Amino acid sequence: MVLPGTTFHSLKLAAIPYFSKTLSYHPRPLFPLLIRSLSATAAQTAATDDNKAVKPQWKAAIDFKWIRDNKESVAVNIKNRNSIANLELVLELYDKLLNVQKEVEKLRAERNAVANKMKGKLEPSERQKLIEEGKNLKEELVTLEEDLLKLTDELQQEAQSIPNMTHPDVPLGGEDSSTVRKMVGKPAEFSFAVKDHVQLGKELDLFDFDAAAEVSGSKFYYLKNEAVMLEMGLVNWAVSEAMKRGFTPLTTPEIVRSSVVEKCGFQPRGTNTQVYSIENSDQCLIGTAEIPVGGIHMDSILSESSLPLKYVAFSHCFRTEAGAAGAATRGLYRVHQFSKVEMFILCRPDESDSYHKELIEIEEELFSSLGFHFKTLDMATEDLGAPAYRKFDVEAWMPGLGRYGEISSASNCTDYQSRRLGIRYRPESSSPRKGKNAAPTQFVHTLNATACAVPRMMVCLLENFQQEDGSVIIPEPLRPFMDGLQIIKPKHLQN
């Protein structure tokens with residue numbers, strides 16, 4: 001819903017890299033490059049000079065030394081993922097920053113030496129000479145610290161375009177290079193002319209696209225009658241199934257700070273951003289519950305015993321769907337607003353591969369129980385979003401559309417998001433240590449997977465379970481969540 005006086009525009013998002021400490025592709029925790037704190041004078045001066053640098057709103061824990069030491073592997077990964085990241089510029093800025101850091105430390109040492117000399121008994125002329133020397137050193141230091149602050153911001157800005165590293169088993173290339181992980185069921189066979197969900201919805205009085213277009217614009221819709229029950233049923237069924245598997249249920253904010261969206265790694269492809277941003281604010285509408293769920297533990301240190309944290313979240317989602325057009329996107333298949341149930345896991349680094357497998361198996365169990373024919377794909381490098389180390393997609397057969405359509409995905413983002421969100425955990429040891437002797441913290445790994453994207457599920461249900469008389473059978477697992485409804489009938493058959 002658009003608030004009065006509120007307009008939307010595209011939000012430019014940034015990506016920040018994850019890098020493992022080894023080239024074995026089994027991620028280990030990293031320590032960020034630590035910049036010495038700047039003097040209050042330098043920070044204040046830089047903050048008031050808007051022309052000196054474009055400053056990111058936040059900083060990620062990026063290991064620039066690891067990037068430099070493994071630049072060949074990083075460069076290959078950038079190429080394989082068809083990323084626009086400028087690795088050479090990142091390395092150039094990093095070298096400049098190191099040189100300025102050395103100069104700053106040198107001047108600080110000289111300034112401290114002068115200050116120590118001033119403590120002793122001195123002749124007036126010698127004391128005046130040291131005062132002048134200290135003043136000159138302070139001025140030089142302020143200038144260099146301003147340069148250091150500017151370089152730090154420029155380096156962050158450039159480095160945030162570098163994508164996550166990639167699992168070694170991920171196929172190389174574009175979407176067509178993705179490999180089939182699993183095929184479930186067979187396409188439904190019909191002895192009559194198959195209708196698509198748009199025609200079925202019209203005849204069963206389930207949707208109103210025309211009224212929604214007048215009220216809100218294209219790619220919006222009203223759900224009516226049994227379609228409302230179907231949405232509620234799908235949501236409650238998906239949440240219930242996830243809860244049986246140990247997930248904690250959540251509802252989330254649907255407006256978040258733009259910095260949280262960026263920290264979760266969402267970025268536009270050229271000018272085709274998928275994010276609705278609220279003008280004259282730092283907020284935007286979420287495109288997935290992954291964003292607010294990822295932010296719950298932002299800037300926190302978790303106990304190892306609390307892991308894994310498993311959440312299942314219901315939210316409405318909003319996407320611009322920029323660049324999408326054509327018959328393949330008609331009806332409910334690609335819309336600006338929809339309901340979705342999302343699973344999200346925070347875990348130890350050594351467990352993320354196994355939880356990724358668990359998530360895709362949950363999705364396969366859910367869709368199999370509804371009787372869908374679908375295939376699970378191991379998505380190729382160029383089809384991975386910046387945060388994903390590996391991603392599985394589920395594509396279900398949609399007979400009315402005459403093709404497979406994506407209904408779900410499951411991604412392992414390793415510590416790509418947690419490094420930006422600041423989510424760590426403290427490993428527990430057999431001998432508890434406190435204070436300076438406490439075990440160092442590590443970044444958690446995050447994973448996400450779609451349990452139920454309502455519009456796509458509706459497309460599958462209506463098109464796969466349509467009957468010759470125009471009715472649609474409700475799969476048995478959903479019936480308890482739809483007041484026992486077994487079949488959606490045309491109005492003339494309901495009496």
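Guide: Buried means under 20% relative accessible area, exposed means over 50%, and partly exposed lies in between (1.4 Å probe, protein chains only). This is a predicted model: local features need pLDDT of at least 70, side-chain atom pairs count only at pLDDT 80 or more, and totals for chains, interfaces and linings use all residues. Residues are numbered from 1 along each chain as its sequence is written, and side-chain values use heavy atoms, with hydrogens and water left out.

Visitor: Is threonine 414 buried or exposed?

Guide: Threonine 414 sits in the loop between β14 (403–412) and α12 (416–421). Helices are DSSP runs of H or I with at least four residues, strands are E runs of at least two, and both are numbered from the N terminus. Threonine 414 has a relative accessible area of 0%, so it counts as buried.

Visitor: What is the phi of threonine 414?

Guide: Most residues other than glycine have a negative phi. Threonine 414 is not a glycine, yet its phi is positive, near 45 degrees.

Visitor: Is asparagine 82 buried or exposed?

Guide: Asparagine 82 also has a positive phi, about 55 degrees, although it is not a glycine. The loop between α3 (71–80) and α4 (87–118) holds asparagine 82. Its relative accessible area is 55%, so asparagine 82 is exposed.

Visitor: Which peptide bond is cis?

Guide: Most peptide bonds are trans. Proline 308 lies in the loop between β9 (300–303) and β10 (309–318). With omega near 0 degrees, the cis bond runs from leucine 307 to proline 308.

Visitor: Which strands stand at the edges of the open sheet?

Guide: Eight strands form this sheet, with mixed pairing, in the order β2-β12-β13-β14-β17-β11-β10-β5. Two strands pair if DSSP finds at least two bridges between them. An edge strand has a single partner, so one side is left without a neighbour in the sheet; that holds for β2 (179–184) and β5 (248–251).

Visitor: How many bridges join β10 and strand β11?

Guide: Strands of a sheet pair through backbone hydrogen bonds, either parallel or antiparallel. β10 and β11 (residues 337–347) are antiparallel, and their bridges number 10.

Visitor: Which helix packs on the sheet?

Guide: The helix touches β11, β13 (390–398), β14 and β17 (445–453), and its direction makes about 35 degrees with that of β13. Axes are lines fitted to C-alpha atoms, for helices over the stretch in contact (heavy atoms within 4.5 Å). Angles run from 0 to 180 degrees between N-to-C directions. The helix, residues 454–464, is α13.

Visitor: Which residues are in contact with leucine 234?

Guide: Nonpolar side chains tend to be buried together in soluble globular proteins. Setting aside neighbours within four places in sequence, leucine 234 is in contact with Cys452, Val454, Met457, Met458, Leu461 and Leu478.

Visitor: Which residue forms a salt bridge with glutamate 304?

Guide: A salt bridge is a side-chain nitrogen of Lys or Arg within 4 Å of a carboxyl oxygen of Asp or Glu. Glutamate 304 is in the loop between β9 and β10, and its partner, 44 residues apart, is in the loop between β11 and α11. Glutamate 304 has 18% relative accessibility, so it counts as buried. The closest N and O atoms are 3.7 Å apart, and the partner is arginine 348.

Visitor: How many salt bridges does the count come to?

Guide: Aspartate 393 meets lysine 391 at 2.9 Å, N to O, and both are buried. Aspartate 415 meets arginine 419, also at 2.9 Å. Glu241, Lys244, Arg245 and Glu365 are linked in a network. The count comes to 24.
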